[in-house]
Amino acid sequence: MRLLLALVLAVAALQSQAALNILACEPEWGALAKELGGDKANVYVATTALQDPHRVEARPSLIARARNADLMVCTGAQLEIGWAPLLQTQSGNAKIQVGQPGYFEASSAVSLIEKPGTVDRSLGDVHPQGNPHMHLDPRNIATVAGALAERMASLDASQAAYYRGRAQEFLARWKEAAARWEKQAAPLKGMPVVVYHKDLSYLLNWLGMREAGALEPKPGIPPSTAHLTELVETLKRSPPKAVIRSAYNDPRPAEWLAERAKVPVVLVPYTVGGTDRAKDLFGLYEDTISRLLAVAS
Amino acid sequence: MHRKLLCAVAIAMAADAALAQESELEQLKRRVEELEKRAPAPAPARGAGTNAFNPDISVILQGTAARLSQDPSDYQITGFAPTGSEGAPPRRGFSLGESELVITSNIDPYFRGQLVAALTPDNALEVEEAFFQTLALGKGLTLKGGRFLSSIGYQNPIHQHAWDFQDAPLPYKAFLGGRLNDDGVQLKWIAPADLFVELGAEAGRGRTFPGSDPNRNGAGLWTLFGHVGGDIGDSTAWRAGVSYLRASPTDRAFDDFDAAGNPVTQGFSGRSSMWIADFIAKWAPNGNASVTNLKLQGEYFRRTEDGTLSYNGAPGDYSSRQSGWYAQTVYQFMPRWRAGYRYDRLSHGSVSSGVGLTAAESPLLFTDYNPSRNTLMVDWSLSEFSRFRLQLAADKSRAGVTDNQVLLQYILSLGAHGAHTF
């Protein structure tokens, strides 16, 4: 009898400890969910920093993770249009469907830049709601952190105070760090750089840097020799300081152009896990800024 | 003295206020500038008018130019009864492929719907898929109803425009008439585990091959399928599965000629059951498929049919055990460019007829020929929405002849972004 009681109590204890299962579409949201969820959240990240979030497939492993998720945290704004809807429809999980509290789109919490005036595929793989790569502006991270913590609190009411407390603590650290980064990055202001894809626009915008060109002729269209040759000519008139590429980009077009434009290539982590130092969101920003500063002078 | 002090304080305060005002002004200015830099307030995702609820619509345009050494109009797979649907190579010369219209949307919080209509090159409209699917059952369950591509095997649920070759593998042509899209229901369950485990069952009317569209109550065809899958590190993803299909065709008839050239009609009634084993693995360095990636895919089919075969109206016992398989690999060796090779083979197996039909009476069914085919392809995709393909094949579907095929194909997708199915 006593054994049975102990067993029942143990099961009850186990159940009350059941953590919030979070499926994060990208590493930045996985890292943020870990900051906010602490040991009350089980976070699985669907993609790595070395993968292009546009081009992921709805792999069996992702469908399995979506099946058990209490909360799916994605960027939205059609970044995951090729695969997140499949995870929703294939997983048989009612909680993470569009419109349910278990589906969180980070982009819905912030205002996006580069919203195209006309939406047409002749402009490349454009996103009608605006540029979805918005996690490289620390103000957006702060806004999303607040909204995500509230979502987690509403889904797991018993731990609401815990999530809110962690969010406050995170935001305090984050704002302090962001102020420090802005100061550190002052020399980057006005620095012209060539990017690979339009995935660094928020970073450039935040730090006041200038985009002198892009390796992709149109968003989502791989760099072509014709476009790169043309770019070399343009850059002769106004030379950039560097060619920046994200960790998941093909290194060759960036190197090809950098060699001809006689400027260095800077690899930026783009998201958590993109470089050894980008272990979390703080590391991501610190490493990105220090790598850019290295070529600023 | 007092007055002086007061004066000084007042001046200081005024200056302070002015300073404060200035910095406030500057702050405001900065904020306005910042706001201007950002986009206007997030507008609704789509127009706010009544068309805001329009479903996602996409159109697939396809066409081929073909050079074939054999006439596609007398295409047959020796040893296997014609399936009555597409299966022959495209017409010689230029020809339009199927233009597909895909309309999909959530219906309400509980259902999603999808229509795939194919406009065939001979000006017919064909409903390929028209189904609803539940969203809110939970517990890993999904129910589908209507006409849909069956989830058996690997390639069956994949739309033709997303195939890696222009045509279906031989076992799909011989055993399923290209693919199975019956009218019916499907129940699917995903296990609550980190390993992908999917179990499902379908019941249908048996509208197409291997069914015979019988006029009777109940299910004329049903299937069971199970798949498991997962990742190996960051670079490899895989899925393997087993499917079973059972159909009860009644007088599944086809017209043919005997060895002497006389027209004959044969029809099968009985039980057709089939096993399929399928496997797919995809590799890309660090799971990043944009520069290079590799795909390995194979399926094995084994079919047993028991019942009666009527020969020009005269019935007799019939039983057959036949099998087939294909294996293919596609490698993207640089951005935009992929190359692939496929080998497929059918085994005529054992076919027995109670009334002693022979190759003289039914040369198509009673044979010791094993059809096979070698296919090579190279395709080029300028963007995710356009693809051009060159495909070369040596097709030995017909006993004694090799059909050397050269196909040029385009596949273009307009409208809503397609799904990246694994």
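The following paragraphs describe the domains of chain A, the contact between chains A and B, and one sheet of chain A in a predicted model.

Because the model is predicted, local features need pLDDT of at least 70 and side-chain atom pairs count only at pLDDT 80 or more, while totals for chains, interfaces and linings use all residues. Residues are numbered from 1 along each chain as its sequence is written, and chains are lettered from A and ligands numbered from 1 in the order in which they are written.

Chain A is divided into domain 1, made of residues 14-107 + 133-180, and domain 2, made of residues 185-293; these bounds come from an automatic or database domain assignment. The C-alpha centres of the two domains of chain A lie 27 Å apart. In the contact between them, 21 residues of domain 1 face 20 residues of domain 2, where two residues are in contact if their C-beta atoms, placed from the backbone, lie within 7 Å. On the domain 1 side, the elements that give two or more residues are helix H2 (27-37) and helix H5 (138-155) of chain A. Helices (H or I, at least four residues) and strands (E, at least two) are DSSP runs, numbered from the N terminus. H2(A) gives the most to this side, with five residues. By class, the side has ten nonpolar, six polar and five charged residues. In this division Ala, Val, Leu, Ile, Met, Phe, Trp, Tyr, Cys and Pro count as nonpolar, Asp, Glu, Lys and Arg as charged, and the others, Gly among them, as polar.

The contact between the chains takes 44 residues from chain A and 48 residues from chain B. On the side of chain A, helix H3 (60-68) and helix H4 (84-90) are the elements that give two or more residues. H3(A) gives the most, with seven residues. The residues of this side divide into 17 nonpolar, 17 polar and ten charged.

An open sheet of four strands in chain A has the order S6-S5-S7-S8, with parallel pairing; two strands pair if DSSP finds at least two bridges between them. Strand S6 (210-214) and strand S8 (265-268) of chain A are the edge strands, each pairing on one side only. From one strand to the next, the twist averages 35°. Strand S5 (residues 192-195) of chain A is joined to strand S7 (residues 242-246) of chain A by two bridges, and the two run parallel. A:Val193 has A:Ala242 as its bridge partner in S7(A). Helix H9 (residues 251-261) of chain A packs on the sheet and touches S5, S7 and S8 of chain A. The direction of H9 makes about 180° with that of S7(A); axes are lines fitted to C-alpha atoms, for helices over the stretch in contact, and angles run from 0 to 180 degrees between N-to-C directions.
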